[in-house]
Amino acid sequence: MSIELWTDCRVATLAADAAAPYGLIEDAAIAVEGERIAFVGAHADLPQALVDRCSQRHDCGGALVTPGLIDCHTHLVYGGDRAHEFELRLNGASYEDIARAGGGIASTVKATRAATQEQLVAQSVPRLRALMAEGVTTVEIKSGYGLSLEHEGKALRAARALAASHDVDVRTTFLGAHALPPEFAGRADAYIDEVLAMLPALHAQGLVDAVDAFCERIAFSTAQTQRVFEAARALGLPVKLHAEQLSDSGGAQLAARFGALSCDHLEWLGEEGAAAMAKAGSVAVLLPGAFYFLRETRVPPVALLREHKVPMAVSTDCNPGSSPCTSLLLMLNMACTLFRLTPEEALAGVTRVAAQALGLKDRGVLAAGLRADFVLWSVERPGQLAYAIGANPHLQTVFKGRAL
């Protein structure tokens with residue numbers, strides 16, 4: 001197989017064991033063979049055997065190159081929007097007022113159920129393309145707005161259809177235990193029975209890569225969440241958890257017992273939960289967009305996560321109710337300004353650590369043998385990607401070795 005060479009670039013490999021910050025290599029070269037990286041390193045170290053097999057050269061013009069960005073927590077497929085509720089809140093209506101009037105998640109469930117699969121895809125395409133325009137090459141998409149077998153399946157099929165029609169990798173997560181649908185009001189345990197019936201059916205259709213739940217006082221208890229996780233384990237599916245967003249419910253400890261890929265939000269995470277996550281190897285996914293949009297005041301315990309060496313990912317949490325955001329670069333800035341991550345931590349959080357949060361070992365870092373997903377940027381230093389508010393220095397994306 002022939003080789004394509006990318007030269008005249010500065011490469012931030014984001015390798016965890018690199019000596020230089022960001023794994024930065026000056027005057028670098030990348031050799032791509034098919035969908036994989038054959039070499040990345042100093043241009044002077046490029047093997048002549050690869051040069052001899054080169055069929056195409058790409059001059060990067062001094063651009064910075066990073067791994068393709070990974071948005072590891074989104075609810076990107078949904079019907080309608082909640083802009084009217086945003087306006088109502090700013091005019092003084094409470095969340096309870098809006099919910100009693102049929103708003104909140106119930107309005108998104110109603111709109112999602114009313115939409116066809118084709119309509120869900122059409123509504124989601126602009127959101128996906130906005131992420132891709134900023135160098136996103138992998139995105140996780142959760143269900144959770146259908147809340148029935150028919151409509152959860154429809155949303156997951158829409159997510160699969162987005163991947164089939166775009167140059168991006170989509171990982172699907174079943175979030176049936178997101179909220180109570182109206183027909184199960186006051187019957188949470190009965191709805192969990194329904195979730196346990198949905199899961200194997202959707203898995204049999206090839207629609208589920210992982211399983212998530214919302215473990216919180218306004219959602220599902222740890223006992224109910226445990227039932228979902230036990231069902232996932234029986235099917236060999238990894239789990240994730242919306243945990244400790246509004247209170248310290250012990251969700252992180254529960255998730256850790258099931259070897260969760262990640263626990264997400266975590267504003268109220270305590271010492272015991274952080275220690276459990278560290279022991280289990282679970283990633284902390286920080287969601288500054290929701291923190292900002294909901295005007296929260298309690299930040300995730302970043303110092304505690306650092307102390308326990310819990311890896312931190314960063315994501316948009318793209319959803320209609322609490323984070324209508326389609327800019328992962330903005331999340332880099334917010335993670336630094338609101339949560340006080342360093343720019344290097346933030347960039348690792350949307351590449352190497354985000355891949356870990358999805359259980360993906362073939363991307364997130366630029367190294368020989370890994371998938372050739374990378375992005376060219378018109379910046380001099382990696383830290384600039386987290387610096388400018390609203391800027392997009394994206395030049396080009398390479399996805400599975402193909403220049404887009």
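This is a dialogue on how to read some features of a predicted model.

User: What kind of model is this, and how are residues numbered?

Analyst: It is a predicted model, in which local features need pLDDT of at least 70, side-chain atom pairs count only at pLDDT 80 or more, and totals for chains, interfaces and linings use all residues. Residues are numbered from 1 along each chain as its sequence is written, and side-chain values use heavy atoms, with hydrogens and water left out.

User: Where does Asp212 lie?

Analyst: Helices (H or I, at least four residues) and strands (E, at least two) are DSSP runs, numbered from the N terminus. Asp212 is in strand β8, which covers residues 210–213.

User: Is Asp212 buried or exposed, and why?

Analyst: Buried means under 20% relative accessible area, exposed over 50%, and partly exposed in between, with a 1.4 Å probe and protein chains only. Asp212 has a relative accessible area of 1%, so Asp212 is buried.

User: Which residues does Asp212 touch?

Analyst: Contact means heavy atoms within 4.5 Å. Not counting residues up to four places away in sequence, Asp212 touches Lys142, Thr173, Phe174, Leu175, Lys240, Leu241 and His242.

User: With which side chain does that of Asp212 make a polar contact?

Analyst: A polar contact is a pair of N or O atoms within 3.5 Å; within protein, one must be able to donate a hydrogen and the other to accept it, and residues adjacent in sequence count only if both atoms are side-chain atoms. For the side chain of Asp212, the partner is the side chain of His242, at 3.0 Å.

User: Which residues touch the most other members of the largest nonpolar core?

Analyst: A nonpolar core is a set of buried Ala, Val, Leu, Ile, Met, Phe, Trp, Tyr and Cys residues joined through side-chain atoms within 4.5 Å. The largest one has 102 residues, and Val77 and Val208 touch the most other members. Helix α13 (residues 328–339) gives the most to this core, with 8 residues. A second, separate core has 16 residues, among them Ile30, Ile37, Val40 and Phe374. As for Val77, its contacts beyond four places in sequence include Leu120, Ile141, Tyr145 and Leu162.

User: How is the packing of helix α6 and helix α7 described?

Analyst: Two packed helices are described by the angle between their axes and the distance between the axes. The axes are lines fitted to C-alpha atoms, for helices over the stretch in contact, and angles run from 0 to 180 degrees between N-to-C directions. Helix α6 (residues 149–165) packs against helix α7 (residues 188–204) at about 40 degrees, with their axes 10 Å apart. Leu149, Glu152, Gly153 and Leu156 of α6 make the contact with Met198, Ala201 and Leu202 of α7.

User: Is the crossing of α6 and α7 left-handed or right-handed?

Analyst: A crossing is left-handed if the near helix is turned anticlockwise from the far one by less than a right angle, and right-handed if clockwise. The crossing of α6 and α7 is right-handed.

User: What is the phi of Arg295?

Analyst: Arg295 has a positive phi of about 55 degrees although it is not a glycine. Arg295 sits in the loop between α11 (288–293) and α12 (302–307). Its relative accessible area is 69%, so Arg295 is exposed. Arg340, in the loop between α13 and α14 (343–349), also has a positive phi, near 65 degrees. At 60% relative accessibility, Arg340 is exposed.
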